Amino acid sequence: MRTLKLIAGLGFFVLALGPGLIVLTDLHSFYGLPFAICAFLLGGVGWFLITRRNSSMSRNAKALIALTSFLCAGFVFAAVIPMFIKAIYTTSANACPNNLRLIDSAKQQWALEQNRKVGDIVTENDLKPYVGRGPDGEFPECPAGGAYIIGRVGEPPRCSIGTSAWPNDHVLSGGETGSWIDNWWTDFKAAYGTVLGLRHPLPQTIKTNGP
Ligand SMILES: [Zn+2]
């Protein structure tokens, strides 16, 4: 029993590394709080098991430890592992969000110079002089073959691929639609789907959009 507790205690420390690493690398985010609590609880259970390995535990202590491990293991499964998988598959080769940002600022500049107001229709030709490639310049193209939906003044431009090319989201950062629970569910499904071979991530090398 002593050795078992020691091994279990060390196991909890190893588990605590997962959420702990996320907190350390993503400190600026408010969403780090549940990860910090999870790492702290897992570490606490590990520490408790190791230091108390020589004494027997009361029923309440056992129940508390079982509950804590159950909750934290669930959290690791639901949030920590998908985050790691997403980080592994995320590639910076995707130029689409950059194009969206370019289109967005071109739209704003066009609306300002042409005195347009929110809700006015914008066309590709209107924006061509503003995307930084001259009046006859090319309009940016999605590197993965998506179509750009410019939208009206005041709306964020979108790529038709959207979030379906996970983890290479073709969306403007901050412009994601859906609640955090939708975003979490997308990540969760896609992460385990990718690992279990149910869906294939985009190839890591996709053509970038010109110089
Ligand atoms: Zn795209």
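In which loop does Asn115 lie? Select Asn115 in this predicted model, and you will find it in the loop between α4 (96–113) and α5 (124–127). Its backbone deserves a look, as Asn115 has a positive phi of about 55 degrees although it is not a glycine. Most residues other than glycine have a negative phi. Asn115 counts as exposed, because it has 7 C-beta neighbours inside 10 Å, and the cut-off for exposed is 12 or fewer.

Next, select Trp166 and Pro167, where the peptide bond joining the two is cis, with omega near 0 degrees. Most peptide bonds are trans. Pro167 is found in the loop between β2 (158–159) and α6 (180–195).

Now turn to the helices, and display α1 (residues 2–25) together with α3 (residues 59–89), which pack with their axes 10 Å apart and at an angle of about 60 degrees. That angle makes α1 oblique to α3, and the crossing in which α1 passes α3 is left-handed. To see the contact itself, select Leu15, Gly18, Pro19 and Ile22 on α1, then Val76, Val80 and Met83 on α3; by class, this contact has six nonpolar residues, one polar residue and no charged ones.

Colouring by residue class shows 18 nonpolar, five polar and one charged residues in the contact of α1 with α2.

Methods: Residues are numbered from 1 along each chain as its sequence is written. This is a predicted model: local features need pLDDT of at least 70, side-chain atom pairs count only at pLDDT 80 or more; totals for chains, interfaces and linings use all residues. Axes are lines fitted to C-alpha atoms, for helices over the stretch in contact, and angles run from 0 to 180 degrees between N-to-C directions. Helices (H or I, at least four residues) and strands (E, at least two) are DSSP runs, numbered from the N terminus. Angles under 35 degrees count as roughly parallel, over 145 as roughly antiparallel, 65 to 115 as roughly perpendicular and the rest as oblique. A crossing is left-handed if the near helix is turned anticlockwise from the far one by less than a right angle, and right-handed if clockwise. Two residues are in contact if their C-beta atoms, placed from the backbone, lie within 7 Å. Ala, Val, Leu, Ile, Met, Phe, Trp, Tyr, Cys and Pro count as nonpolar, Asp, Glu, Lys and Arg as charged, and the others, Gly among them, as polar. A residue is buried if 20 or more other C-beta atoms lie within 10 Å of its own, exposed if 12 or fewer, and partly exposed in between; C-beta atoms are placed from the backbone.
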